[in-house]
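Please find below a colleague's note on the structure, written for reading beside the coordinates.

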Amino acid sequence: MQEGQTSEMFATAKHSIKTGLTASAVVSSWTIAATLLSSSTEGYSYGVSGPFWYGAGATVQIFLFSVAAIELKRKAPNCHTFLEVFTSVNLLVGGSTLFSVVTGMNRDAACFLFPIGVLIYTLFGGIKATFLTDWAHTVVIYVVMLVSIFVIYVSSSQIGSPDRMYELLREAAQLHPVAGNAEGSYLTMKSPDGAYIGLIFIGAGFASAVDSQLFQKAIAADPASTFLGYMVGGLCWFTIPFVLATTYGLTAAAVEHLPSFPTYPHRMSQSEVTSGMAMPYAAVAVMGKSGAGAIILMMFMAVTSAMSSETIATSTLITYDAYKAYFAPQATSAMLVRVSRIAVISFGIIVAAVAVAFNHAGFSVNYLINAIGIFVDSAIVPMAGTILWKKQSGRRYRVSTVLFLTSLPLPLVAGNMMSLCGPLVVMPVFTFLKPQNFDWDVLKGIQLDGASRSESGSQPGPELGPEPVPKSNFKSEPNTQADIMESFNNHSNMDKRLHSARNRGIILSLTLCLYFLILWPIPMYATGYVFSKPFFRGWIVVVFLWAFFGAITITSMPF
């Protein structure tokens, strides 16, 4: 039976999305143009350390974000938005650059054509459509990933095995050693610049955590599915930069001195490197036109899926935090859906225009992803305090957010870390000077839209129109002692479950952060170990295992 598109369904999918789709949505949200292009650039530039540090540096935030997502469900179960900033321009800048280089397509046209299909299905399907397309697009990316690793490490005439890749990387290190790496090798984790990439992407990853679409998907998730969805999504997302960059980034470094490479006999220019061309050039060198087609397909899937999520999140912010809050507090469900659709179209046009401006101003995808943390990371600590610390006040939030927002010409590591860590010092000081004692129960007073209060989660929604009369199987306002006790017990049980999930989330997320940032990489970095051929074979086996884990989990779990 067709499901009616109420405002509650359009914006939050009635808070009903289960674990599998939540996990695939997490992967999709983190998989933008920079994930595919910049991670391969790091592999090309620094060898095996680049892909790992890119993936690890930008994965830990997903684990930590799971705690925030659970607390949001616990303290404001019916909320519609969590007001922040967004980073959609990054999607179009990276995607348009790749399409322009590989196909000759005009970059300005690409910026405006990318959003068209996205706007159509978002207009009619709302956030539920974005979850479904997140899954479909992510499956395509994993399929192309599996094909890529088998072609490059098994069947390619130029590489075809881990041993051949090993020999080519050793030759590349002789021709152009990596400055700072142990023995100038591409086959070592002892890479200071590679480790700096990890620190930069810790900042850049937290910048993504500020993005409104991530909270929007947390809001749409079923409370019982939030914790596992984010944990599984984080583990599966690590697969994408780690596997793709270990495949295409290393391939670009390995075959750049061979005649099949597009820039032969020269190395890539600095502008080509910063634009993320290591991935498409490597694909063309090894697989020809079919390789270029595979990269274009992955990029299109990444850009459109994430663009859809950004679009619905922004339209929801405009609808609830602007229109309903200040202009029409009594707006009906039909009115809210109408405003959301207007916002979807407006957002698509505006973000495309801004992306065109960025392209003409010379901003590369590498610059955007590396620098974004400097501009927005100062909001991370105050945001966490908003749902975790009742003594934080609104005034202290605003002051500490702005105080460490900087664009000074400092090294990217220093800029990202200052923006991220500065509020850790200032926020507690400001708060303890004049603490607030916020009542979390206020947030539980947020009401579902009238059309949705009358529906049970499994019932098809009504068509747009007058607010319906509550159905008998849903008691929106308990009017007997038994009803009151039943409602109280249901809320108490859910609160206990979410409280337990939050505690598990804290322990597991910190354990995984320790594993990815310390236990796995630091011993190899500290010893300056340069991979032997057998060790590199084992490393590639790990790459294959991660690829199969991510692909099988994300493909099958929603079913």
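The numbered points below go from the overall fold to helix packing, aromatic pairs and backbone details.

1. Basis of the note. This is a predicted model, in which local features need pLDDT of at least 70 and side-chain atom pairs count only at pLDDT 80 or more, whereas totals for chains, interfaces and linings use all residues. Residues are numbered from 1 along each chain as its sequence is written, and side-chain values use heavy atoms, with hydrogens and water left out.

2. Overall fold. The chain has 22 helices and zero strands, where helices (H or I, at least four residues) and strands (E, at least two) are DSSP runs numbered from the N terminus. Of the 559 residues in the chain, 58% are buried; buried means under 20% relative accessible area, exposed over 50% and partly exposed in between, with a 1.4 Å probe and protein chains only. Among contacts (heavy atoms within 4.5 Å) between residues at least 6 apart in sequence, 83% join residues at least 24 apart.

3. Packing of helix 10 on helix 12. Helix 10 (residues 226-255) and helix 12 (residues 278-287) pack at an angle of about 70°, and their axes are 8 Å apart; axes are lines fitted to C-alpha atoms, for helices over the stretch in contact, and angles run from 0 to 180 degrees between N-to-C directions. That makes helix 10 roughly perpendicular to helix 12, given that angles under 35 degrees count as roughly parallel, over 145 as roughly antiparallel, 65 to 115 as roughly perpendicular and the rest as oblique. On the helix 10 side, the residues in contact are Leu244, Tyr248, Thr251, Ala252 and Val255, and they meet residues of helix 12 including Met279, Ala282 and Val286. By class, this contact has 11 nonpolar, one polar and no charged residues, where Ala, Val, Leu, Ile, Met, Phe, Trp, Tyr, Cys and Pro count as nonpolar, Asp, Glu, Lys and Arg as charged, and the others, Gly among them, as polar.

4. Aromatic pairs. The structure holds 28 aromatic pairs; rings of Phe, Tyr and Trp (its six-membered ring) pair if their centres lie within 6.5 Å, and planes under 30 degrees apart count as stacked, over 60 as edge-to-face and the rest as tilted. The rings of Phe150 and Phe548 have centres 6.0 Å apart and planes at 80°, so this pair is edge-to-face. The pair links distant parts of the chain, with Phe150 in helix 6 (residues 107-155) and Phe548 in helix 22 (residues 533-556), 398 residues apart. Phe150 is partly exposed at 37% relative accessible area, and Phe548 is partly exposed at 33%.

5. Helix 22. The 24 residues of helix 22 should span 34 Å at 1.5 Å a residue, and its end C-alpha atoms are 35 Å apart, which agrees; the expected span is 1.5 Å times one less than the number of residues. Buried residues in helix 22 include Phe536, Trp539, Ile540, Val543 and Phe544.

6. Backbone details to check. A cis peptide bond, with omega about 10°, joins Tyr264 and Pro265, and Pro265 lies in the loop between helix 10 and helix 11 (270-274). Glu183, a residue other than glycine, has a positive phi near 60°; Glu183 is found in the loop between helix 7 (162-175) and helix 8 (192-209), and counts as exposed at 71% relative accessibility. Gly362, which follows helix 14, also has a positive phi, near 90°.
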